[in-house]
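This report walks through one protein chain. Keep the sequence and the 3D view side by side as you read.

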Amino acid sequence: GVAVASLYQFFADRDGVLDEVLRRELAALDDHVAAQRQVARADPATATLAGFVDFAFEVHRDYFRSRPAFARLWFGGRRTPPVAAAVRDRNRRLARDWHAVMVGRGLLRPNTDPLTAELAVELGDRVFEYAYRREPEIEETLFAEGKRAVTAYLAQYAG
């Protein structure tokens with residue numbers, strides 16, 4: 001119900017508006033994932049590496065299913081330098097959190113370099129990007145294969 005012209009009192013251009021939408025959605029996604037972190041620490045389903053990877057993927061898929069417009073915008077490839085930097089920071093924070101959870105649950109050896117989790121998060125991010133750019137009917141297959149790939153990578157560092 002707001003006139004488009006009034007938005008430009010606060011934003012320089014369309015990119016500024018979209019960047020702010022993406023930043024807010026990233027913050028909401030972080031809140032969603034943080035709320036699930038305690039589940040990841042205690043749920044018997046996350047007691048195995050494959051179960052944890054499945055959980056990590058599904059936490060994100062749940063969010064994107066609840067926000068289809070964000071998913072289309074996000075995975076449509078729109079990245080300005082400020083948004084790309086925010087995503088890099090977010091992925092690094094997520095990797096640190098997941099690394100701590102996986103080490104704490106005994107899924108990864110305690111001496112596992114945190115960079116391992118960062119690469120796993122980036123691999124997962126690429127799976128999401130690819131899956132959401134493809135036809136919806138193969139989404140399940142792509143996510144299943146992505147989970148398998150990330151699990152196989154992390155298994156080299158299993159506790």
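## The cavity

A cavity is a set of grid points where a 1.4 Å probe fits but cannot get out. Its volume is the space filled by probe spheres set on those points. This model is predicted. In it, the count comes to 1 cavity of 30 Å³ or more. About 320 Å³ of space lies in the largest cavity.

Which residues lie nearest the centre of the largest cavity? They are H60, L94, V121, G124 and D125, out of 24 residues that line it. The lining divides into 19 nonpolar, 3 polar and 2 charged residues. Several helices take part: α2, α3, α4, α5, α6 and α7 each supply at least two lining residues.

## The overall build

Now step back to the whole chain. It has 7 helices and 0 strands. Read from the N terminus, the elements run α-α-α-α-α-α-α. The C-alpha trace spans about 55 × 35 × 25 Å along its principal axes.

The chain holds 159 residues, and buried residues make up 39% of them.

## The nonpolar core

In soluble globular proteins, nonpolar side chains tend to be buried together. Here the largest nonpolar core has 38 residues. Which of its members touch the most other members? They are F52, F57, F64, W74, W98, M102 and L154. The elements that give two or more residues to this core are α2 (14–42), α3 (49–66), α4 (68–75), α5 (81–104), α6 (114–133) and α7. The largest share comes from α3, with 9 residues.

Set aside residues up to four places away in sequence. W74 then touches L22, L26, F64, R79, V83 and V87. F64 also belongs to the group that touches the most other core members.

## F128 in helix α6

Find F128 in helix α6. Is F128 buried or exposed? It counts as buried, because its relative accessibility is 6% and the cut-off for buried is under 20%.

Beyond its neighbours within four places in sequence, F128 is in contact with F57, H60, R61, F64, F75 and F143. H60 is also one of the residues nearest the centre of the largest cavity. F57 and F64 are among the core residues that touch the most other members. For a sense of distance, compare F128 with A71. They are 57 residues apart along the chain, and their C-alpha atoms are separated by 9.7 Å.

E139 is in helix α7, which covers residues 139–155. E139 has a relative accessible area of 16%, and buried means under 20%, so E139 is buried. Its side chain makes a polar contact of 3.0 Å with the side chain of R61. Leaving aside neighbours within four places in sequence, E139 is in contact with R61 and Y132. R61 is also one of the contacts of F128.

Which side chain does R37 join through a polar contact of 2.7 Å? It is the side chain of D97. Not counting residues up to four places away in sequence, R37 touches D97 and V101.

T151 is another residue of helix α7. T151 counts as buried, because its relative accessibility is 16%. A polar atom of its side chain lies 2.8 Å from the backbone oxygen of K147.

T48 lies in the loop between α2 and α3. At 45% relative accessibility, T48 counts as partly exposed, because exposed means over 50% and buried means under 20%. T48 and T151 are 103 residues apart along the chain, and their C-alpha atoms are separated by 10.0 Å. T151 and P68 are 83 residues apart along the chain, and their C-alpha atoms are separated by 27 Å.

Conventions:
Residues are numbered from 1 along each chain as its sequence is written. This is a predicted model: local features need pLDDT of at least 70, side-chain atom pairs count only at pLDDT 80 or more; totals for chains, interfaces and linings use all residues. Side-chain values use heavy atoms; hydrogens and water are left out. Helices (H or I, at least four residues) and strands (E, at least two) are DSSP runs, numbered from the N terminus. Buried means under 20% relative accessible area, exposed over 50%, partly exposed in between (1.4 Å probe, protein chains only). A polar contact is a pair of N or O atoms within 3.5 Å; within protein, one must be able to donate a hydrogen and the other to accept it, and residues adjacent in sequence count only if both atoms are side-chain atoms. Contact means heavy atoms within 4.5 Å. A nonpolar core is a set of buried Ala, Val, Leu, Ile, Met, Phe, Trp, Tyr and Cys residues joined through side-chain atoms within 4.5 Å. On a 1 Å grid over the protein atoms alone, a cavity is a set of points where a 1.4 Å probe fits but cannot get out, and a pocket is an open set with protein on both sides within 12 Å along at least five of seven lines; lining residues have an atom within 4 Å of a point. Ala, Val, Leu, Ile, Met, Phe, Trp, Tyr, Cys and Pro count as nonpolar, Asp, Glu, Lys and Arg as charged, and the others, Gly among them, as polar.
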